[in-house]
Number of protein chains: 6
Amino acid sequence: MQKRIRVVTPIITEGFSSAEEFQPFAGPETQISQVGITRGPASIESEFDEALAVPDTVAQIMQAERDGVDAVVIDCMGDPGMKPGREAVSIPVIGPAEATYHLAALLGHRFSVVTVLESCIPMMENQAKVYGVADKLASVRAVNIPVLELEDDRERLVNALVEESVQAIEQDGAHVIIFGCTGMIGCAGEVQRGLAARGYGGIPVIDPVPAAIKIAEALVDLGLSHSRRTYMPPRAKRIEGYDLPSREAAVAR
Amino acid sequence: MQKRIRVVTPIITEGFSSAEEFQPFAGPETQISQVGITRGPASIESEFDEALAVPDTVAQIMQAERDGVDAVVIDCMGDPGMKPGREAVSIPVIGPAEATYHLAALLGHRFSVVTVLESCIPMMENQAKVYGVADKLASVRAVNIPVLELEDDRERLVNALVEESVQAIEQDGAHVIIFGCTGMIGCAGEVQRGLAARGYGGIPVIDPVPAAIKIAEALVDLGLSHSRRTYMPPRAKRIEGYDLPSREAAVAR
Amino acid sequence: MQKRIRVVTPIITEGFSSAEEFQPFAGPETQISQVGITRGPASIESEFDEALAVPDTVAQIMQAERDGVDAVVIDCMGDPGMKPGREAVSIPVIGPAEATYHLAALLGHRFSVVTVLESCIPMMENQAKVYGVADKLASVRAVNIPVLELEDDRERLVNALVEESVQAIEQDGAHVIIFGCTGMIGCAGEVQRGLAARGYGGIPVIDPVPAAIKIAEALVDLGLSHSRRTYMPPRAKRIEGYDLPSREAAVAR
Amino acid sequence: MQKRIRVVTPIITEGFSSAEEFQPFAGPETQISQVGITRGPASIESEFDEALAVPDTVAQIMQAERDGVDAVVIDCMGDPGMKPGREAVSIPVIGPAEATYHLAALLGHRFSVVTVLESCIPMMENQAKVYGVADKLASVRAVNIPVLELEDDRERLVNALVEESVQAIEQDGAHVIIFGCTGMIGCAGEVQRGLAARGYGGIPVIDPVPAAIKIAEALVDLGLSHSRRTYMPPRAKRIEGYDLPSREAAVAR
Amino acid sequence: MQKRIRVVTPIITEGFSSAEEFQPFAGPETQISQVGITRGPASIESEFDEALAVPDTVAQIMQAERDGVDAVVIDCMGDPGMKPGREAVSIPVIGPAEATYHLAALLGHRFSVVTVLESCIPMMENQAKVYGVADKLASVRAVNIPVLELEDDRERLVNALVEESVQAIEQDGAHVIIFGCTGMIGCAGEVQRGLAARGYGGIPVIDPVPAAIKIAEALVDLGLSHSRRTYMPPRAKRIEGYDLPSREAAVAR
Amino acid sequence: MQKRIRVVTPIITEGFSSAEEFQPFAGPETQISQVGITRGPASIESEFDEALAVPDTVAQIMQAERDGVDAVVIDCMGDPGMKPGREAVSIPVIGPAEATYHLAALLGHRFSVVTVLESCIPMMENQAKVYGVADKLASVRAVNIPVLELEDDRERLVNALVEESVQAIEQDGAHVIIFGCTGMIGCAGEVQRGLAARGYGGIPVIDPVPAAIKIAEALVDLGLSHSRRTYMPPRAKRIEGYDLPSREAAVAR
């Protein structure tokens, strides 16, 4: 089944992500497109950053549906705009945190998330409560490297990810590791090998956007989308200060 | 202790709330001010509406701190902007849902929230999980009256609140009732009497904004604010599309 | 990425399932094979039946790995043999209950499972606890049709599924429905339409084996399998009364 | 609104607490009175001590209502007599543990309680379960100083509080600290500064009785008291060995 | 192993219970004795009643140890004095609620408690939280017959117990029934038969004191008692108004 | 009441257990018999081993009922065959893990299990979830001695049990210790003394099979067995490859 998936990168920093980067992770029938936002923060490392990223992310999710794509993947582990976006459209909207938390839950007894900064930890622990998998979350840990510096020194990043993952395994009882920032993309193999070298072979390491793309493909193939009883279409009303695409398509479902 | 509390009404509808309406609920040393927002929705009845209300609400929270007020109360049971706002400022920021859920928890065995529309129910149940009181939440129910119609027919509203509260008591085991929309302000006495008339005397009925003002006063008097370990000040970074007050005051704390 | 998925039907009843039935749900690069077992029960409707199905199911999972397939899907919502099978092999082993419970959890606020008989209900509620999604499970309900009679009267089955799903929505707060028996395969579209006709449009209805195949494909494409820290390879020891394939391949990982 | 609050100190030790000590924490419209008990233990450091303190504490709560006070605050973090006291009277009865646990829950992600002795830890962890905030409790720790020695060496007490609070932050993930004994009154500022000196600025430190007084004032101003559906008035019956005030006032509500 | 078990009936009503009544439920090596209290209420139907019953109950538990008995069973489903009593003595102290909640948990998927009055329901739900079995508690229901009227009309009692048990099964999902008052002793067989007659055969009905005696015997035979790390011996201190037996024996353990 | 209890040792290793070993733990009216299985593994240290042990264990449980014994105790902390066995028979079937987890829960605030190998830890943590006592489980730890080597060096075993128990107390907050393998039988006294020597007196140490025998005796004396609403008799159907005793007796109940 041919399908088009739109990755929405919810930051204003250009060049952070691209369709080319994601296409290799997609199946043979999937065409990936990618967009950023123009109103919002340079990166997301707090509830504050996330709050400012959400409105334009939702607008891009709505635009994606108008463009006829089959599913949207949000390119941030805060899952910004996932819930409001789902209300606004009928196509599947995948937040990589929600998708990988559930995927990790079925791969092992408990999982840990290794994210960028300590400021993100309460936010991610709260996600686990809302997503219903708090019992499976061993811990959230941070490498203490800001999002926009993740690509500056790949070796330092990989080493830090391995180190925090080892701590998560030994101190917190983690059996599966999830990267806590989509900017860590492409490091899963190295981290998995690094863990094996530290005596922890056979530990799954989940790279969020590739995993989210696979879940998006699965849902499109299965003809499934989010429940309209959870995500009811918003009532039409006056809105000021935002140029949002029309929701007519969504309302029709 | 003299104190100034700012109520931020996170919708663009003028005349929905006013300082005059709130002042009678404040203590003798408290001066209430009130502002709305200019970018966002006419009312909040979904995650979508809330997402659009947040950025300007956060801006108003930041402006309140710059104006020297001692605490902020958000005038919406979705608690929009509470978490990002707390990161951005050092003064207490009270979300009425968080405040009343905890207040209700200490008044009785289980509480129910009676809100406007069914579309808000999952959102409020998720709040209880994040706020840590899910075990005390009996149910969330809806009167099926939109926010902006709450004032159209006070009798219908009170009757619907009584009816849903009775259902919450009989079907869901509620011992305490919280209004699930700040627009229901002023009905607590009538609903409490209505419940007594239906055989349910001695059931506390909590009116959110008055309760939130009292919690704000208490925190100011106690010299307490939110933990900076939970709500770390956001790192300075490039932001486009929003005119936000400077955070210098907040960073200083 | 070319991949081969083996569906193991853990009952001795021939003709219950076939590769032809499952192939249409697979992606273009996936080849499905299917096997049953020869030692065990005619159908699984109790812990007792499941206990007898497990040893030969595990043997078939081990044989699948030796045959070079890339992943195994178990064709029963009791997930018989999933945990012991994972210990014995390195390739992903997907239990449809575990996979769909997590998939449902990310599609809506709460889900219900509609299964065959009341005798299965405690077993499925316990699964939700072990799989870590008990907070998202609204209820398990039964249509009261035995497994081997599911195909006798498709209309009766669909009607019963719709009826119990409506009860799950109205009484238990379900927002997503999962079929609680893999023998209900192929009814999801009809049930979804039946729900829409009863006023409940936009409710996802999950058909377990198709969903499990998609999760299996996703894991193979992502190069992920279950954690070896959760599912350690069993120590070699004397075993009597079972002809099991050698585990050499599994131990090597 | 003029109001009178009675602090009941549930021990027989005279001079442990006084109205003068509490008055500065009260609002301008509040008049504090204080009483002790004459039957019970010298201090409360176990379930045993608490059991013996309860009957006379309940008698004092009943007497407070007869004296016309508007609310009662119990001067012990075991909340002795809170639940039976609430059954016996209609005015708000505030247990400082219940009040501060909920207040701490809304100030940060997780809180710890630093109490006197290890013997109190299970009791306080059980409180968190009954009060519905177990998910927010990081830990209960002890300074290992008995209640009646708390005032002997203020510096030692403050140092021990700071040390255990640092452990709670670093080992247990606490973001907010609550004093686990009302005898620690007056140390919150010093402990907060001590934490800042150890690198943990912006950590709220809650002094229980002042916080409980503020919650009592808030409830009186809001016209709220505990639910009569949770705390039903006890049926009249024969009681031997206790001289209790008449409950006529309470029954009238 | 010869053993002596003391049943402490924590009310002042004489003739409510007797050793003769309990002896038939004991094993051949067990000798039962029974005592009441002289300071406290005529019956226990609230937190208030329980609070007044506890001090003399603890005194009787301490006296039992001095008398050389091997274990104590408390004759009330509120488990009054269990925790303080355990601190004060080294011999096992069995609360029938705690014992039967755990026994019921291992007999079936979920249990319900059928007690005397609605005023006891929050108290018993809180017990389940503290005892750690809240997930197994389906509900607490009341027959609305006061404790001291239970023996007035046995048929009415049995009918009410059957009726509420049927409701617990059908409405709340109970699979096991526990009597919520020790005064219902001797009705288990009739209620079990009554349930079978209503179509619910094979439902265990647990009579609390007999079950508690059996658990007490088991602990004595196993040489086990409560953990001294949970129930530390209370520190010696001044106590006024109670004549308590010396704790020397307990401290020696 | 005279009673016969059958211990089923679910492994093929002869001489591992015997009736003579268990008889001293039984009461004066109890006669113990013991059987092993002939199809299955030499020991149980994984889900894989357990899966192969279950069918013949269930057969032995059924045979025990046909032999007229009054209750069955399974001689393995994995509780293999407990749930399917209960469906197949009407007499009580006691799994020592389920029985001791609940017994430990009533002896102290939290308990730890000290088992043989790390491979068993997730399995035992999952048991606690299904048995409903996860909140009371402090940790599961392993001595890293395989089952069949437990008897090789008793001193090494006792030392390892003491060492891991001390870790459980100090690191995990355990107040009660349970042996996590029935092959550790007879070490409880030594371990309890070893803990006292390390400064942890008054810590109950539970030996699983003796405790399970006592619970079995208690249930027989009380006339209680598992709920037929949880454990419904399996529907008759074709089964291949197993020689099972007839279930006629069970169906009759």
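**A tour of helix pairs and a chain contact**

Select helix H6 (residues 154–172) and helix H7 (residues 188–197), both in chain D: they pack at an angle of about 50 degrees, with their axes 9 Å apart. Helices here are DSSP runs (H or I, at least four residues), numbered from the N terminus. The axes are lines fitted to C-alpha atoms over the stretch in contact, and angles run from 0 to 180 degrees between N-to-C directions. H6(D) is therefore oblique to H7(D); angles under 35 degrees count as roughly parallel, over 145 as roughly antiparallel, 65 to 115 as roughly perpendicular and the rest as oblique.

This is a predicted model, in which local features need pLDDT of at least 70, side-chain atom pairs count only at pLDDT 80 or more, and totals for chains, interfaces and linings use all residues. Residues are numbered from 1 along each chain as its sequence is written, while chains are lettered from A and ligands numbered from 1 in the order in which they are written.

Stay with the pair in chain D.

Next, select helix H8 (residues 208–222) in chain B and in chain D. Their angle is about 150 degrees and their axes are 10 Å apart, so H8(B) is roughly antiparallel to H8(D). This crossing is right-handed. Among the residues that meet are B:Pro210, B:Ile215 and B:Leu222 from H8(B), and D:Pro210, D:Ile215 and D:Leu222 from H8(D). The contact has 10 nonpolar, no polar and 4 charged residues.

Finally, show chains A and C. Their contact takes 38 residues from each of the two chains. On the side of chain C that touches chain A, helix H4 (96–107) and helix H8 (208–222) each supply at least two residues, and H8(C) gives the most, with 7 residues.

A rotation of 180 degrees with 0.0 Å of shift along its axis superposes chain C on chain A (RMSD 0.0 Å), by least squares on the C-alpha atoms of residues with pLDDT of at least 70 in both. The two copies are thus related as by a two-fold rotation axis.

Terms used
A crossing is left-handed if the near helix is turned anticlockwise from the far one by less than a right angle, and right-handed if clockwise. Two residues are in contact if their C-beta atoms, placed from the backbone, lie within 7 Å. Ala, Val, Leu, Ile, Met, Phe, Trp, Tyr, Cys and Pro count as nonpolar, Asp, Glu, Lys and Arg as charged, and the others, Gly among them, as polar.
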